[in-house]
Amino acid sequence: CNKIGTGIFRLSSLVLPAPPMRLFLLAGLLLTMIFSTDSAAPVPPGPYAARWKKIDALLRKDQTTTAAPLVEAIYQQAKKAGDSPSYVRALLYKIRLLQAKQEDADEKSITLLEAELKTATFPARPILHSLLAEQYTNYLNQNRYRLYQRTAGAQPTTDEQQTADGSTGLATWDVGRLGAAIVRHYDQSVEDESQKQLKTTLADLGDLTTGGDAEGRALRPTL
C-alpha cells in the first residue's frame, strides 16, 4: 500500500475484503481495476459516469482503439474544468491503454505522469507524486535482475532539483537513481502542501475516494 497523508492507495486485488477502519483512494483501486479487464468493480458516481461505463464495456472487449478517444475527451474536459477526481481517473485509464498497446509501456507511463506533474494542481499533484513513486518501484522490481548488472548512469536528481525525471530514458538509470526517485516522490506526496492536505476532506475529493466505514472516515477524514 502506498500512503499519502492518512489515505492509502491500495494496489492489491479488488476481491479482497476491505480491512476495517481504512480509507482507500479510488486512484489506487482504479490502477488495479483498469489493469484487469475482467474486473466487475462498480463505476463511481460523477459527471462522466455514463461515459466511464461505456469505456469499461469497450475495455472488457479489448476495444482499446475505440475507447482511447473517449478517455482522451474526458481527460481534456476534466483537466480544463479542474475536476481532479475525473482528471486522475482519466490519467489512470491512459496508462491502462498504454499497457495494452505499447512494449515500453512502463517508461511511457512514467513519462506521462512526470509531464502531468509539471502542470498538475492540488489535490491531484500529491496523488501523482504517490502514483509516480509506485510506478518507479514497479519498474525497479520488474527489472531488478538487469539493474544489478548495470553500471552507474546519470546522477540521481536531488531533493532541491524539482525537475521531471521522465526526460531521461529509464534504460540508462541504475538502482541508485531509481531509488532516489522513489524516495523523493513519496516524500513529496506528503510534503506537498501538507497543511492543505490536512484541510482537504474526503467530501472535497468527490469520487476519488471510496470505501471505508464511518469509524474509519472519522479517524482519517482528510487527504
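**Figure 1. Helix 5 and helix 6 are roughly antiparallel to each other.** This view comes from a predicted model. Helix 5 covers residues 105-117, and helix 6 covers residues 124-142. Their axes lie 10 Å apart and meet at an angle of about 160°. The crossing of helix 5 past helix 6 is left-handed.

**Figure 2. Residues of helix 5 and helix 6 make the contact between the two helices.** Helix 5 supplies Asp-106, Glu-107, Ser-109, Ile-110, Leu-113, Glu-114, Glu-116 and Leu-117. Helix 6 answers with Arg-125, Leu-128, His-129, Leu-131, Leu-132, Gln-135, Tyr-136, Tyr-139 and Gln-142. Sorted by class, the contact of helix 5 with helix 6 holds eight nonpolar, four polar and five charged residues.

**Figure 3. Helix 2 packs against helix 3 with a crossing of roughly 155°.** Helix 2 spans residues 49-60, and helix 3 spans residues 64-81. Their axes come within 9 Å. The angle makes helix 2 roughly antiparallel to helix 3. This crossing, too, is left-handed. From helix 2, the contact uses Arg-51, Trp-52, Lys-54, Ile-55, Leu-58 and Leu-59. From helix 3, the contact residues include Thr-64, Ala-67, Leu-70, Val-71 and Ile-74. Nine residues of the contact of helix 2 with helix 3 are nonpolar, three are polar and two are charged.

**Figure 4. Ile-55 touches residues beyond its sequence neighbours.** Neighbours within four places in sequence are left out here. The contacts of Ile-55 are then Ala-67, Leu-70, Val-71, Ile-74 and Tyr-93. Ala-67, Leu-70, Val-71 and Ile-74 also belong to the helix 3 side of the contact with helix 2.

**Figure 5. The largest nonpolar core has 43 residues.** Which residues have the most contacts inside this core? They are Ile-55, Tyr-87, Val-88, Leu-128, Tyr-136 and Leu-178. Helix 2, helix 3, helix 4 (84-101), helix 5, helix 6 and helix 8 (175-191) each give two or more residues to the core. Helix 4 gives the largest share, nine residues.

**Figure 6. The protein as a whole has 10 helices and four strands.** Along the sequence, the order is β-β-β-α-α-α-α-α-α-α-α-α-β-α. Of the 223 residues, 45% count as buried. Take the contacts between residues at least 6 apart in sequence: 60% of them join residues at least 24 apart.

Note on methods:
Residues numbered from 1 in each chain as written. Predicted model: local features only at pLDDT ≥ 70, side-chain atom pairs only at ≥ 80, totals over all residues. Heavy atoms only, no water. Axes fitted to C-alpha atoms, helices over the stretch in contact; angles between N-to-C directions. Parallel < 35°, antiparallel > 145°, perpendicular 65-115°, else oblique. Left-handed = near helix turned anticlockwise from the far one by under 90°. Contact = heavy atoms within 4.5 Å. Nonpolar A, V, L, I, M, F, W, Y, C, P; charged D, E, K, R; others polar. Core = buried A, V, L, I, M, F, W, Y, C linked by side-chain atoms within 4.5 Å. Buried < 20%, exposed > 50% of the residue type's maximum accessible area, 1.4 Å probe, protein only.
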